[in-house]
Amino acid sequence: VVRLEQKNDTFIDMGIYDDGPFEAGDETDKDPDQVPAPANSYMGFSLDSGKSLTNKGQLTVVAGAPRAYYSGAVVLLKKGGEFSRILLEEYTLKGEGLASSFGYDLTVLDLNGDG
């Protein structure tokens, strides 16, 4: 389960009160179908986040799953809805080589400088 909590007092000063927690695979429902990677994939082994990665102004959580699908995967997660606390799969990038551990390490970077 990937869980995101933003702990930042400046959000209160800015009038932003929606700071999580957000999770992939809702812990209260205990429904394995809500987790976007197979069991034992180590999803969340590496984590990063950024705004406007896939949609302008949207927060995207990037989670590495180095044991998923026998070659690893990187899962891009987005917030479910305006009042939702769940993170939903937006994209999954799968590794190409057997046992390559794709997703073991990752970083978010704005290569073209568009924000």
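## Close-up views of a predicted model

**View 1. Tyr42 is found in the loop between E2 and E3.** The model shown here is predicted. The backbone of Tyr42 has a positive phi of about 60 degrees, although Tyr42 is not a glycine. Most residues other than glycine have a negative phi.

**View 2. Two aromatic pairs are counted in the model.** Tyr42 and Phe45 make up a stacked pair. Their ring centres are 6.3 Å apart, with 15 degrees between the planes. Planes under 30 degrees apart count as stacked, so an angle of 15 degrees qualifies. Phe45 is partly exposed, because its relative accessibility is 44%. Phe45 also pairs with Tyr104. This pair is tilted: the centres are 5.0 Å apart and the planes are 40 degrees apart.

**View 3. The pair of Phe45 and Tyr104 ties together parts that are 59 residues apart in sequence.** Where do the two partners lie? Phe45 lies in the loop between strand E2 (22-24) and strand E3 (46-51). Tyr104 lies in the segment after strand E6 (87-94). Tyr42, Phe45 and Tyr104 form one aromatic cluster.

**View 4. Charged ends sit over the rings of Tyr42 and Tyr69.** Arg67 places its charged end over the ring of Tyr42, 4.8 Å from the ring centre. Over the ring of Tyr69 sits the charged end of Lys94. Here the distance to the ring centre is 4.2 Å.

**View 5. Ala99 has a positive phi without being a glycine.** The value is near 60 degrees. Ala99 is found in the segment after E6. Is Ala99 buried or exposed? Its relative accessible area is 61%, so Ala99 is exposed. The cut-off for exposed is over 50%.

**View 6. The second largest pocket has a volume of about 220 Å³.** Rolling a probe the size of a water molecule over the atoms shows where empty space is left. How many residues line the second largest pocket? The lining has 12 residues. Leu53, Leu109, Asp110, Leu111 and Asp114 lie nearest the centre of the pocket. Sorted by class, the lining has four nonpolar, five polar and three charged residues.

Notes
Residues are numbered from 1 along each chain as its sequence is written. This is a predicted model: local features need pLDDT of at least 70, side-chain atom pairs count only at pLDDT 80 or more; totals for chains, interfaces and linings use all residues. Side-chain values use heavy atoms; hydrogens and water are left out. On a 1 Å grid over the protein atoms alone, a cavity is a set of points where a 1.4 Å probe fits but cannot get out, and a pocket is an open set with protein on both sides within 12 Å along at least five of seven lines; lining residues have an atom within 4 Å of a point. Grid points are joined across faces, edges and corners, and a volume is the space filled by probe spheres set on the points. Ala, Val, Leu, Ile, Met, Phe, Trp, Tyr, Cys and Pro count as nonpolar, Asp, Glu, Lys and Arg as charged, and the others, Gly among them, as polar. Rings of Phe, Tyr and Trp (its six-membered ring) pair if their centres lie within 6.5 Å; planes under 30 degrees apart count as stacked, over 60 as edge-to-face and the rest as tilted. Buried means under 20% relative accessible area, exposed over 50%, partly exposed in between (1.4 Å probe, protein chains only). Helices (H or I, at least four residues) and strands (E, at least two) are DSSP runs, numbered from the N terminus. A charge sits over a ring if NZ of Lys or CZ of Arg is within 6 Å of the ring centre and within 35 degrees of the ring normal.
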